Amino acid sequence: MIRDGRSIKLSDSLYPTHSYGGAPILIKDSSLFPLWKKVQDGQRLTFEEGLVLFSTDDILGLGHMANWVKEKKTGNHGFFVVNRQINPTNICVLSCRFCDFAKKKTDPAATVMSDDAIVAACSPELTEVHIVSGLYSGWRFDQYLNVIHLIKANYPHIQVKAYTAVEIEFFARIEKISIKEVLEKMKAAGVVCIPGGGAEVFSERVRKALFPFKIGARTWLDVHRTAHSIGLKSNATLLYGHMETVEERVTHMLKLRELQDETHGFLSFIPLAYQPGTTKVVERPASALDDLKTTAVSRLLLDNFVHIKAYWVTMGEQMASVALHFGADDIDGTIGEEKIMHAARASSPVAMARERMVSLIREAGRHPIERDALYNVVASYDEADRVAVIP
Ligand code: SF4
């Protein structure tokens, strides 16, 4: 670097640099300096500091900070799971304004999977099945449990991740039992963890506008707290890029951080970009920069979460790969047939082979680790993408 006709070291430059695996980190935005110091010292960032992170234009500086934390937590690993999503029915009693998935019973596109179709959707090579459904009043809780029984009876090795907090609260109401009893029955049927969907954004303002009849933050958090109390792990999401403010995004993340402090039951956080589809709450999806920024901010604020996902279905394969350098350490799964986001016309392919997941992680310069639903290692891939280790 040349300044005033003399050669200077990078560390003499206008911006502070920091040792980072032998290479300097360049942060240009001075408002990030004190935050970077706190991050390095292992201190927790505040709500106001979360807003500073979202307001910076120094996306590379932010990414470096998030990547530093990611590498401290999970090294150079990039995780994925061989899974399939099953949506037993898309019939739903609610009509959330942002939802492209739900159908009414009389809609020609309404579907209810038969037992045979559920079993046929599974295959021996799957590690995880992720079940998310509509709130279908034509089914009793037993029929939802039957989906789990069918999978476990035919493929005992497959780990079942089911259902969202929204569905669990619905089961409790239709069955007139407590949320804890619902969760205990699900666990007894073979569920190992619950997905993070249905959280949307923890804001009464947004709930009233977009999903007024669906559970809000308190119930969502209570369901997850109860799941953790009976030994079920869970995941957490944020739906962003619609009408929420950055203050609401930060509030959402801090509520999750608070519950994680209390229970340590969350496995991962998944920022989900809203897909406009036909619902058009906003015309365009979040920008690529917003995807990266939201990923990085979540990594920095959620200091008690080990795993942050770059969900390729909403983000796209290429951005998910890039996000592995902005704080994410996981690109989720092979998915199989993903209907919810696909109904909203996500541009990603419906199916993604294991090999594609490995190569996406490899292209990002990360070491591909195939995991199960609970983040146990299934396989580690060497540089030729051969399975090197199966513990
Ligand atoms: S978001 Fe969930 S609860 Fe709301 S309409 Fe869609 S499927 Fe039903």
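Visitor: Which strands does helix α11 lie across, and at about what angle does α11 run to β11?

Guide: Welcome! This is a predicted model. In it, α11 (residues 288-301) lies across β10 (233-240), β11 (266-273) and β12, and it runs at about 155° to β11.

Visitor: What makes α11 largely enclosed?

Guide: A residue counts as buried if 20 or more other C-beta atoms lie within 10 Å of its own. In α11, 11 of the 14 residues are buried, so the helix is largely enclosed by the rest of the structure. Among them are D291, L292, K293 and T294. The list also includes R299, L300 and L301.

Visitor: How do you know that the length of α11 agrees with what its residues should span?

Guide: The expected span is 1.5 Å times one less than the number of residues. For the 14 residues of α11 that gives 20 Å, and the end C-alpha atoms are 20 Å apart, so the two values agree.

Visitor: And how do you know that the span of helix α10 agrees too?

Guide: The reasoning runs along similar lines. Helix α10 (residues 246-263) has 18 residues and should span 26 Å; because its end C-alpha atoms are 26 Å apart, the values agree.

Visitor: What do the buried residues of α10 pack against?

Guide: They pack against α2 (47-55), α9 (217-229), β10, β11 and α11. The residues in question are R249, V250, H252, M253, L256, R257 and L259. Just after α10 comes H264, with a positive phi of about 55°.

Visitor: Why are β6 and β12 called edge strands?

Guide: Start with the sheet. Seven strands form an open sheet in the order β6-β7-β8-β9-β10-β11-β12, with parallel pairing. The edge strands β6 and β12 (307-308) each pair on one side only.

Visitor: What makes β6 and β7 a pair?

Guide: Strands pair if there are at least two bridges between them. Four bridges join β6 to β7 (residues 128-131), so the two strands pair, and they run parallel. As one of the partners, Q85 has H130 in β7.

Visitor: Why is strand β5 called mostly covered?

Guide: Five of the five residues of β5 (residues 77-81) are buried. Both faces are covered: H77, F79 and V81 are buried on one side, and G78 and F80 on the other.

Visitor: Is C96 called buried, exposed or partly exposed, and why?

Guide: C96 has 19 C-beta neighbours inside 10 Å. Buried needs 20 or more and exposed needs 12 or fewer, so C96 counts as partly exposed. C96 sits in the loop between β6 (83-86) and α4 (115-120). Leaving aside residues up to four places away in sequence, C96 touches L210, F211 and K214. C96 and T279 are 183 residues apart in sequence, yet their C-alpha atoms are 9.7 Å apart in space.

Visitor: Which residues are around the ligand?

Guide: C96 is one of the residues there, and others include C92, F101, G134, F211 and K214. The shell divides into nine nonpolar, two polar and one charged.

Visitor: What makes the phi of K176 and of K280 worth a remark?

Guide: Most residues other than glycine have a negative phi. K176 has a positive phi of about 55° although it is not a glycine, and K280 has a positive phi of about 50°, again without being a glycine. K176 lies in the loop between α6 (165-175) and α7 (179-189), and K280 in the loop between β11 and α11.

Technical notes:
Residues numbered from 1 in each chain as written. Predicted model: local features only at pLDDT ≥ 70, side-chain atom pairs only at ≥ 80, totals over all residues. Near = placed C-beta within 6 Å. Nonpolar A, V, L, I, M, F, W, Y, C, P; charged D, E, K, R; others polar. Contact = placed C-beta atoms within 7 Å. Axes fitted to C-alpha atoms, helices over the stretch in contact; angles between N-to-C directions.
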